[in-house]
Amino acid sequence: ILDKQVCSYVLICRNYKGDVDMAEIDHFMSLLMQHEEEGLICPVMSHGSVHFMWIKHSNLYLVATTNKNSNASLVYSFLYKLVEVFTEYFKELEEESIQDNFVVVYELLDELMDFGFPQTTDSKILQEYITQEGTKLEVAKSKVPTTVTNAVSWRSEGIKYKKNEVFIDVIESINVLVNANGSVMSSDIVGSIKLKTMLSGMPELRLGLNDRVLFALTGRDKGKTVMMEDVKFHQCVRLSRFDSDRTISFIPPDGESELMSYRINTHVKPLIWIESVIEKFSHSRVEIMVKAKGQFKKQSVANNVEVRVPVPSDADSPKFKTSTGHAKYVPEKNLVVWTIKSFPGGKEFLMRAHFGLPSVENDELEGKPPITVKFEIPYFTVSGIQVRYMKIIEKSGYQALPWVRYITQSGDYQLRTNV
């Protein structure tokens, strides 16, 4: 792990196999700067027979070195897992959090990987025996949790709850790019199913979705189905079972976890449509009119809507008029942010902005950033994905309640303008 601010400063390192000279890392920053100057930044760089695979997080570079033809996707998955685990432990992963926790970081590095092979990477399990409190650490040294050696390494035994419940969140993010003529250039849906599990013992769960492939396999074709692509599961899911009959069967981690993520490549109608008129009067003023329309069903409501409208960098003296919500000028980002707390489906709202324009000297040099929109619509999914059932089986036979919630939110949601 290297500090970005001080090019030659290696914060912490761990040599797992001893086949790469520790001094090789000294070449990394010079290679990176050379690539940046040439405009050829690459996630994999080489110096002689040594390859550097790296990611950047905050003010740090996390770098893996190898002199073999290693599995790059595995290395990058591990680097991102490092970020996730360190963030779970230290809240923020930055230079100070590494320096303040050298001992814990080294212990984590030793548990996360052994001789170049990833081992225990679940932060909840790691927190059972690698803590930031010395007294707990002493006790942990004498007794390693069974989860580390269990077949089910992501869940401890003997978990008990007075009330057994599972909360299922189906969250879909919409990515949309609309050109200046109002045509949708690209769109897709990225979804995830998150669990909050409060179940006693070692329960077996089975989740049923309106999966098109499953319905085709079983000869059923009733109602709306969805075609999921790029499906990625938590390690608890039995992949062989899913491959054979599309059953999502698993023993869940305790507490919060992401069970799966997916992508649906489909034409998405923008849920909040934006029309804008931006008029520039040379050396005088800029007038902006933005109309927002909710293009989703009337019984749904979008919450915490933010419409971000770019303005010229030399604009000043803002004046606003809105039919609902409030608008404010953010000069450091050259934006007008129009906030609407509650936006019902089918409704239209209007915002007008007036800016003074002392000069237009840099007019030709400025780009044309798009309007971006942020929102969240509860109890609604664009794709129509549904949780058909959640079966909970545990040897003690207790009854458990599954709760399902659907949320649609903006992802990369951009609408280009003519001006």
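This briefing walks through the fold, salt bridges, aromatic pairs and a few individual residues of the protein above. The model is predicted, so local features need pLDDT of at least 70 and side-chain atom pairs count only at pLDDT 80 or more, while totals for chains, interfaces and linings use all residues. Residues are numbered from 1 along each chain as its sequence is written, and side-chain values use heavy atoms, with hydrogens and water left out.

**Overall picture**

- The protein has eight helices and 22 strands; helices (H or I, at least four residues) and strands (E, at least two) are DSSP runs, numbered from the N terminus.
- Of the 419 residues, 44% are buried, where buried means under 20% relative accessible area, exposed means over 50%, and partly exposed lies in between (1.4 Å probe, protein chains only).
- The accessible surface comes to about 22600 Å², and 50% of that surface belongs to carbon and sulfur atoms; areas come from the Shrake-Rupley method with a 1.4 Å probe, and for residues only the protein chains shown count as cover.
- Among contacts (heavy atoms within 4.5 Å) with a separation of 6 or more, 70% are between residues 24 or more positions apart.

**Salt bridges**

- The structure holds 14 salt bridges, each a side-chain nitrogen of Lys or Arg within 4 Å of a carboxyl oxygen of Asp or Glu.
- One of them joins D110 and R14, at 2.6 Å from N to O. This pair links distant parts of the chain, 96 residues apart: D110 sits in helix α4 (residues 102–112) and R14 in the loop between β1 (2–3) and α1 (28–37). D110 is partly exposed at 37% relative accessibility, and R14 is partly exposed at 38%.
- D19 and K68 form another, with the closest N and O atoms 3.0 Å apart. Here too distant parts of the chain are linked, 49 residues apart, with D19 in the loop between β1 and α1 and K68 in the loop between β4 and α2 (72–90). D19 is partly exposed at 33%, and K68 is partly exposed at 44%.
- R241 and D245 form a salt bridge with closest N and O atoms 3.3 Å apart. The two are separated by about one helical turn because they are four residues apart in helix α8 (residues 239–245). R241 is partly exposed at 30%, as is D245 at 29%.

**Aromatic pairs**

- There are eleven aromatic pairs in the structure. Rings of Phe, Tyr and Trp (its six-membered ring) pair if their centres lie within 6.5 Å; planes under 30 degrees apart count as stacked, over 60 as edge-to-face and the rest as tilted.
- F343 and F349 make an edge-to-face pair, 4.9 Å centre to centre with 80° between the planes. F343 is buried at 0% relative accessible area, and F349 is buried at 15%.
- F375 and Y413 are also edge-to-face, at 5.3 Å centre to centre and 90° between the planes. F375 lies in strand β20 (residues 371–378) and Y413 in strand β22, so the pair ties together parts that are 38 residues apart in sequence. F375 is buried at 5%, and Y413 is buried at 2%.
- F28, F52, W54 and Y61 are linked by ring pairs into a cluster.

**Two buried serines**

- S200 lies in the loop between β8 (184–198) and β9 (204–209) and is buried at 11% relative accessibility. A polar atom of the S200 side chain is 2.8 Å from the backbone nitrogen of Y161. Leaving aside neighbours within four places in sequence, S200 has contacts that include R155, N164 and E394.
- S192 lies in strand β8 and is buried at 9%. Not counting residues up to four places away in sequence, S192 touches several residues, among them D169, E258 and Y262.

**Positive phi angles**

- S58, which is not a glycine, has a positive phi near 55°. S58 is in the loop between β3 (50–57) and β4 (60–66) and is partly exposed at 48%.
- N334 has a positive phi of about 55° and is likewise not a glycine. N334 is in the loop between β17 (326–330) and β18 (335–344) and is partly exposed at 25%.

Conventions:
Polar contact = N/O pair within 3.5 Å; in protein donor to acceptor, adjacent residues only side chain to side chain.
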